[in-house]
Amino acid sequence: MEEEQISKSKARRSVYILPNLFTMASLFAGFLGALWAIEGRFDMTCLAILFSCLFDGLDGKVARLTGTSSDFGVQFDSLSDLVAFGVTPAIMVYQWQLAPFGRLGILASFMLVACGALRLARFNVMSGKTVTSKKFFVGLPIPAAGCMLALFYMFERYLPAEIAAVVMPKACLGLVYALSFLMVSRVRYASFKEFGLVKAHPFSAMVTAMLLFVVVASEPWLMGFLLFSAYLLSGPFYTFFVLPRRAKLREPLQELS
């Protein structure tokens, strides 16, 4: 009996360590990205941010599938996210486009880190409350902000050099401020944690996923930038257009009841 209990405890520990290993991989990718950003190797930095996002998504999935979610894992994941999607993109955009703006560029880079930290702290506090919905995030998730900046850098190659030299610096400055404010805003963003539509229509969802994969694989940087841009705009559209209309439709029903 004692041997069985020991083996079970070891198995539980190994399962508990597994999601944290993915979090550690995400943190390591973010750390490498910061080093590459300092060296000016922005292509490698962007790849590191995207790989970090992949590992960040896997650690949550593994934790939910194995039933090993814990407060420690939540806090560790938040610290990893701050490095990978806050500090690393901030260093990259400052080295890439924001340095010529002087204090304004420094402030923009710091805002990205500070608002990301505030966003993660608010998420950790709200995640402990059972009243929060899992369908939507309050504020732009910090991984989406980091990946958006990485894909914004990759998108530059599709622009003519003359236009990129004039447009990109100001566009980058505006985008950094916009992402910072969206992270600490009350704008709702889809979390994709509940797949009710996928369960209801599995075949259609599979076909859609295959088509989406083919489209993205044809031009990964361009399509990735467009998809993340659509996600970025979906939050304000849902919050300021869809929710008010739903509220107006509910008012007559409440009066009748």
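Residues are numbered from 1 along each chain as its sequence is written. In this predicted model, local features need pLDDT of at least 70, side-chain atom pairs count only at pLDDT 80 or more, totals for chains, interfaces and linings use all residues, and side-chain values use heavy atoms, with hydrogens and water left out.

Q: What share of the residues of the chain count as buried?
A: Let's set the scale: buried means under 20% relative accessible area, exposed over 50%, and partly exposed in between (1.4 Å probe, protein chains only). The chain has 257 residues, and the share that counts as buried is 36%.

Q: Which helix gives the most to the nonpolar patch?
A: Patches are made of residues with over 30% relative accessible area and no salt bridge; like charges are joined within 9 Å, and nonpolar side chains (Val, Leu, Ile, Met, Phe, Trp, Tyr) within 5 Å. Here Tyr-16, Ile-17, Leu-18, Leu-21 and Phe-72 make a nonpolar surface patch of about 470 Å². Leu-21, for one, counts as exposed because its relative accessibility is 51%. With four residues in the patch, the top giver is helix H1 (residues 2–39).

Q: How many disulfides does the structure hold?
A: A disulfide is a pair of cysteine sulfur atoms within 2.5 Å. The sulfur of Cys-46 has its closest cysteine sulfur in Cys-147, 9.9 Å away, so that is too far for a bond. For Cys-147, the closest cysteine sulfur is in Cys-53, and at 3.5 Å that is also too far. The count of disulfides is zero.

Q: Which salt bridge links distant parts of the chain?
A: Side chains of opposite charge can pair when their charged atoms come close. A salt bridge is a side-chain nitrogen of Lys or Arg within 4 Å of a carboxyl oxygen of Asp or Glu, and the structure holds two of them. One joins Glu-39 and Arg-41 (3.5 Å, N to O). The other, at 3.4 Å from N to O, runs from helix H2 (residues 42–66) to the loop between helix H5 (142–155) and helix H6 (161–183), 114 residues apart, and its partners are Asp-43 and Arg-157.

Q: Trp-96 and Phe-152 form an aromatic pair: what is the angle between the planes?
A: Rings of Phe, Tyr and Trp (its six-membered ring) pair if their centres lie within 6.5 Å; planes under 30 degrees apart count as stacked, over 60 as edge-to-face and the rest as tilted. There are eleven aromatic pairs in the structure. Trp-96 and Phe-152 are 5.9 Å apart, centre to centre, in an edge-to-face pair with an angle of 65°.

Q: Which parts of the chain does that pair link?
A: The two residues are 56 residues apart, so to speak on distant parts of the chain. Trp-96 is buried, as its relative accessible area is 14%, and Phe-152 is buried too at 7%. The parts linked are helix H3 (residues 71–98) and helix H5.

Q: Which residues do ring pairs link into a cluster?
A: Trp-96 and Phe-152 from the pair above belong to it.

How values were computed
Areas by Shrake-Rupley, 256 points an atom, 1.4 Å probe, with all protein chains shown as cover.
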